[in-house]
Amino acid sequence: MTNPAKDTITMFGAEWCGDCRRTKAQLDGLGIEYTYVDLELDAAAADVAKDISGRTNIPVVLYPDGSHHVEPSNGDVESKLRELSLI
């Protein structure tokens with residue numbers, strides 16, 4: 001995987017991860033466009049996610065402003081989307 005695009009939201013996750021499924025469902029429900037990186041299909045992307053967050057926890061949600069969340073709550077994601085005027 002190349003570096004994530006700077007003008008979009010990128011979410012690193014895996015299907016077995018409950019928090020990943022919840023965050024993905026939240027973004028989908030809000031109609032937010034984002035790039036989903038499945039760490040089960042792209043093992044090298046796990047290193048990219050770790051480089052961004054400094055941790056191995058997922059999901060890692062990278063925002064267009066360069067900030068990120070690791071294992072965010074729905075409230076965390078909603079607050080950030082409002083800050084970025086995406087919702």
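A salt bridge here is a side-chain nitrogen of Lys or Arg within 4 Å of a carboxyl oxygen of Asp or Glu. Keep that in mind. What we have on screen is a predicted model. By that rule, the count comes to five salt bridges.

Let me start in helix α3. E83 and K80 meet there through their side chains, N to O at 2.9 Å, in a salt bridge. Both residues sit in α3, three residues apart, about one turn of the helix. K80 has 9%, so it counts as buried. And the pair is not alone.

Now to helix α1. R22 forms a salt bridge with D19. The closest N and O atoms are 3.2 Å apart. These two are three residues apart in α1, so about one helical turn separates them. R22 is partly exposed, at 28% relative accessible area. D19 is partly exposed too, at 31%.

The next pair sits in loops. R55 bridges to E71, with the closest N and O atoms 3.8 Å apart. Where do R55 and E71 lie? R55 is in the loop between α2, residues 44–53, and β3, residues 60–62. E71 is in the loop between β4, residues 68–70, and α3. So the pair ties together parts that are 16 residues apart in sequence.

Last topic: how the helices meet. Two packed helices are described by the angle between their axes and the distance between the axes. Take α1, residues 18–30, and α3, residues 74–83. Their axes come within 10 Å and cross at roughly 40°. Angles under 35 degrees would count as roughly parallel, and 65 to 115 as roughly perpendicular. The two helices are therefore oblique to each other. The crossing of α1 past α3 is right-handed.

Which residues make the contact? From α1, we have R22, T23, Q26, L27 and L30. From α3, we have N74, V77, E78 and L81. By class, that is four nonpolar, three polar and two charged residues.

Notice R22. It takes part in the contact with α3, and it also holds the salt bridge with D19.

Terms used
Residues numbered from 1 in each chain as written. Predicted model: local features only at pLDDT ≥ 70, side-chain atom pairs only at ≥ 80, totals over all residues. Heavy atoms only, no water. Axes fitted to C-alpha atoms, helices over the stretch in contact; angles between N-to-C directions. Helix = DSSP H or I, 4+ residues; strand = E, 2+ residues; numbered from the N terminus. Parallel < 35°, antiparallel > 145°, perpendicular 65-115°, else oblique. Left-handed = near helix turned anticlockwise from the far one by under 90°. Contact = heavy atoms within 4.5 Å. Nonpolar A, V, L, I, M, F, W, Y, C, P; charged D, E, K, R; others polar. Buried < 20%, exposed > 50% of the residue type's maximum accessible area, 1.4 Å probe, protein only.
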